[in-house]
Amino acid sequence: SRVGRGSRVGRGSRVGRGSRVGLGSFVGRGSLVGRGSLVGRGSRVGLGSLVGRGSRVGRGSRVGRGSLVGRGSLVGRGSRVGRGSFVGRGSLVGLGSFVGRGSRVGRGSLFG
């Protein structure tokens, strides 16, 4: 794993093998960034969230507290995944999109 300069990984969080957390990013307490995943520069992963194995959270994106980004998914640059939301396995959240609080994006879906 690699954690970029100026990034913070909260207590009790895990960054899986082969994963990267970009410069100036934040991974909240108790969160998991799965193996082989990327949290782009300047992004935030909220407390108690999960970024599944092989997923990508684009530069400047936000994943809200208690949210789940399924395995192999992509959250496009500048997007927001609201608190308590679910992005299914293999899904794509388009650039600059907003997934509302508590929303569900089905497996393999294209959102935005």
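Val 33 counts as buried, at 0% relative accessibility; buried means under 20% relative accessible area, exposed over 50%, and partly exposed in between, with a 1.4 Å probe and protein chains only. Val 33 lies in strand β6. The model is predicted: local features need pLDDT of at least 70, side-chain atom pairs count only at pLDDT 80 or more, and totals for chains, interfaces and linings use all residues. Residues are numbered from 1 along each chain as its sequence is written, and side-chain values use heavy atoms, with hydrogens and water left out.

**Surroundings of Val 33**

- Leaving aside neighbours within four places in sequence, Val 33 is in contact with Arg 14, Val 15, Gly 16, Ser 19, Val 27, Val 39 and Val 51. Contact means heavy atoms within 4.5 Å.
- The C-alpha atoms of Val 33 and Arg 14 are separated by 6.2 Å. These two residues are 19 apart along the chain.

**Whole chain**

- The protein chain has zero helices and 19 strands. Helices (H or I, at least four residues) and strands (E, at least two) are DSSP runs, numbered from the N terminus.
- The radius of gyration is 12 Å, close to the 13 Å that the globule rule gives for 112 residues, so the protein chain is as compact as a globular protein of that length. The radius is taken over C-alpha atoms, and the rule is 2.2 Å times the number of residues to the power 0.38.
- Along the principal axes, the C-alpha atoms fill a box of roughly 30 × 20 × 20 Å.
- Of the 112 residues, 44% count as buried.
- Take the contacts between residues at least 6 apart in sequence: 0% of them join residues at least 24 apart.
- The protein chain exposes about 5800 Å², and carbon and sulfur atoms supply 46% of it. Accessible areas come from the Shrake-Rupley method with a 1.4 Å probe; for residues, only the protein chains shown count as cover.

**Sheet with β6**

- Six strands form an open sheet with parallel pairing, in the order β3-β6-β9-β12-β15-β18. Two strands pair if DSSP finds at least two bridges between them.
- The edge strands are β3 (14-15) and β18 (104-105), and each pairs on one side only.
- Strand β6 (residues 32-33) pairs with strand β9 (residues 50-51) in the parallel sense, over two bridges.
- Leu 32 stands opposite Leu 50 in β9.

**Sheet with β2**

- Six strands also form an open sheet in the order β2-β5-β8-β11-β14-β17, again with parallel pairing.
- Here β2 (8-9) and β17 (98-99) are the edge strands, each pairing on one side only.
- Two bridges join β2 to strand β5 (residues 26-27), and the two run parallel.
- Val 27 in β5 is the bridge partner of Val 9.

**Val 21**

- Val 21 has its place in strand β4 (residues 20-21).
- Val 21 is buried, with a relative accessible area of 2%.
- Not counting residues up to four places away in sequence, Val 21 touches Arg 2, Val 3, Gly 4, Ser 7, Val 15, Val 27 and Val 39.
- Val 21 and Gly 76 are 55 residues apart along the chain, and their C-alpha atoms are separated by 15 Å.

**Gly 46**

- Gly 46 is found in the loop between β8 (44-45) and β9.
- At 14% relative accessibility, Gly 46 counts as buried.

- Leu 110 sits in strand β19 (residues 110-111).
- Leu 110 is exposed, with a relative accessible area of 66%.
- Leu 74, Leu 92 and Leu 110 make a nonpolar surface patch of about 270 Å². Patches are made of residues with over 30% relative accessible area and no salt bridge; like charges are joined within 9 Å, and nonpolar side chains (Val, Leu, Ile, Met, Phe, Trp, Tyr) within 5 Å. A salt bridge is a side-chain nitrogen of Lys or Arg within 4 Å of a carboxyl oxygen of Asp or Glu.
- Leu 110 and Leu 47 are 63 residues apart along the chain, and their C-alpha atoms are separated by 25 Å.
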